[in-house]
Amino acid sequence: MYQQSDWISRLYSRRNIFIKHNKNQTGMTLIEVLLAITLELLLIAFLFETYLAHQYNFQLQFNLQRLQTQAQLAMDVLQTAITQAGYIGCPLLTEHLPIAASPSYQLSVANQLTGSIANEITVRYLEQPYARLLTQDNPQSTEKIVSAKPVLPARAILLITDCQRAEVFQQSKVIASKQQQKIILDRPLHYTFQSYAAVGRLAINKYFVAKTQRNYADGSPIYALFVEDIQLRKTELIEGVQAMRLYYSVQQGEQLIDLPAQQITDWSKVRGVAFELDIYYPPIRKTWYGYVSRT
């Protein structure tokens, strides 16, 4: 910076010499005019390059900050999802908790968290907030009375659990009032549940990376982290996630071994999930690492 300032000072000194010299002359020669213009242009070019360098550094810092923000958001989403896998309103699922499945949907220790070769991860759990069963359950009845909040949408896939047993079912109709909701079932439940059992929507969420319909200013395609819910509705979550790689920690002897999805034979044995996220925001690309324990 000192050298640049000194160089600029010399340019101005040379310019002032020409101006002073001009005062003592009746006119300026063509060479003097051209030299003065050249010095002015050099000064303008230097200042313009300095401005461009400042703008480039500012944009680079902005892009890096945005990159870090997007990465942190994506990691938070995945960490929350993986932590929720198997949640049923009480301690996580165990192999000893009986769960009755519906014809099309089920929740178990073996499928609460699963992956695929395409580096997609699917989690199943009881969605929060959930309602509470208000009356003593009658296993032969197809009507269940639950609390008024949250409102349960019609035809939703629901899970009911009292932490001693659980069941997945589909409702055909909901009659809501200010005090309660009456759920009409397609069929009677298999189990009898205690009063204040949790009743809520079954979440089956698949997380994956895919290309969006947008491009960056340089023309390159924009990728993002997506989620697909139980109704197969896709929602874009975090822009800029270029790729995702997942590894699953499985107990082998006294060690935890990280394996890709295609090498997992029993998903109930997964004790943790490691993930790598490639985040891109032109012209910066970085990889973030995360890990979520399942023990």
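1. Basis. The model is predicted, so local features need pLDDT of at least 70 and side-chain atom pairs count only at pLDDT 80 or more, whereas totals for chains, interfaces and linings use all residues. Residues are numbered from 1 along each chain as its sequence is written, and side-chain values use heavy atoms, with hydrogens and water left out.

2. Overall composition. The chain contains two helices and 15 strands; these are DSSP runs numbered from the N terminus, helices being H or I of at least four residues and strands E of at least two. Of its 295 residues, 40% are buried, where buried means under 20% relative accessible area, exposed over 50%, and partly exposed in between (1.4 Å probe, protein chains only). Contact is defined by heavy atoms within 4.5 Å. Among contacts between residues at least 6 apart in sequence, 60% join residues at least 24 apart.

3. The four-stranded sheet. An open, antiparallel sheet is formed by four strands in the order β13-β12-β14-β15; two strands pair if DSSP finds at least two bridges between them. The edges are held by β13 (255-259) and β15 (284-293), each of which has a single partner strand, so one side of each lacks a neighbour in the sheet. From one strand to the next, the twist averages 20 degrees, with axes taken as lines fitted to C-alpha atoms (for helices over the stretch in contact) and angles running from 0 to 180 degrees between N-to-C directions. Strand β14 (residues 270-281) is joined to β15 by 10 bridges. Aspartate 278 has threonine 287, in β15, as its bridge partner.

4. The disulfide. One disulfide is found in a search of the whole structure, the criterion being a pair of cysteine sulfur atoms within 2.5 Å. The link is between cysteine 90 and cysteine 163, whose sulfur atoms are 2.2 Å apart. Its angle about the S-S bond is -125 degrees, and the link is left-handed. Cysteine 90 lies in the loop between α2 (30-84) and β1 (99-100) and cysteine 163 in the loop between β6 and β7, so the pair ties together parts that are 73 residues apart in sequence. Cysteine 90 is buried at 15% relative accessibility, whereas cysteine 163 is partly exposed at 38%.

5. Glutamine 164. This residue is in the loop between β6 (157-161) and β7 (166-176) and is partly exposed, at 42% relative accessibility. Its C-alpha atom is separated by 6.4 Å from that of leucine 97, which is 67 residues apart along the chain. Leaving aside residues up to four places away in sequence, glutamine 164 touches Leu97, Pro98 and Gln194.

6. Glutamine 171. Beyond four places in sequence, its contacts include Leu152, Leu158, Ile183 and Asp186. A polar atom of its side chain lies 2.8 Å from the backbone oxygen of proline 153.

7. Nonpolar cores. A nonpolar core is a set of buried Ala, Val, Leu, Ile, Met, Phe, Trp, Tyr and Cys residues joined through side-chain atoms within 4.5 Å. The largest has 55 residues, and those touching the most other members are Leu113, Ile121, Tyr248, Val270, Val273, Phe275 and Leu277. Isoleucine 121 has among its contacts Ile82, Leu113, Tyr207, Leu246, Tyr248 and Val273. A second, separate core of 14 residues includes Leu133, Leu152, Phe169 and Ile183.

How values were computed:
A polar contact is a pair of N or O atoms within 3.5 Å; within protein, one must be able to donate a hydrogen and the other to accept it, and residues adjacent in sequence count only if both atoms are side-chain atoms.
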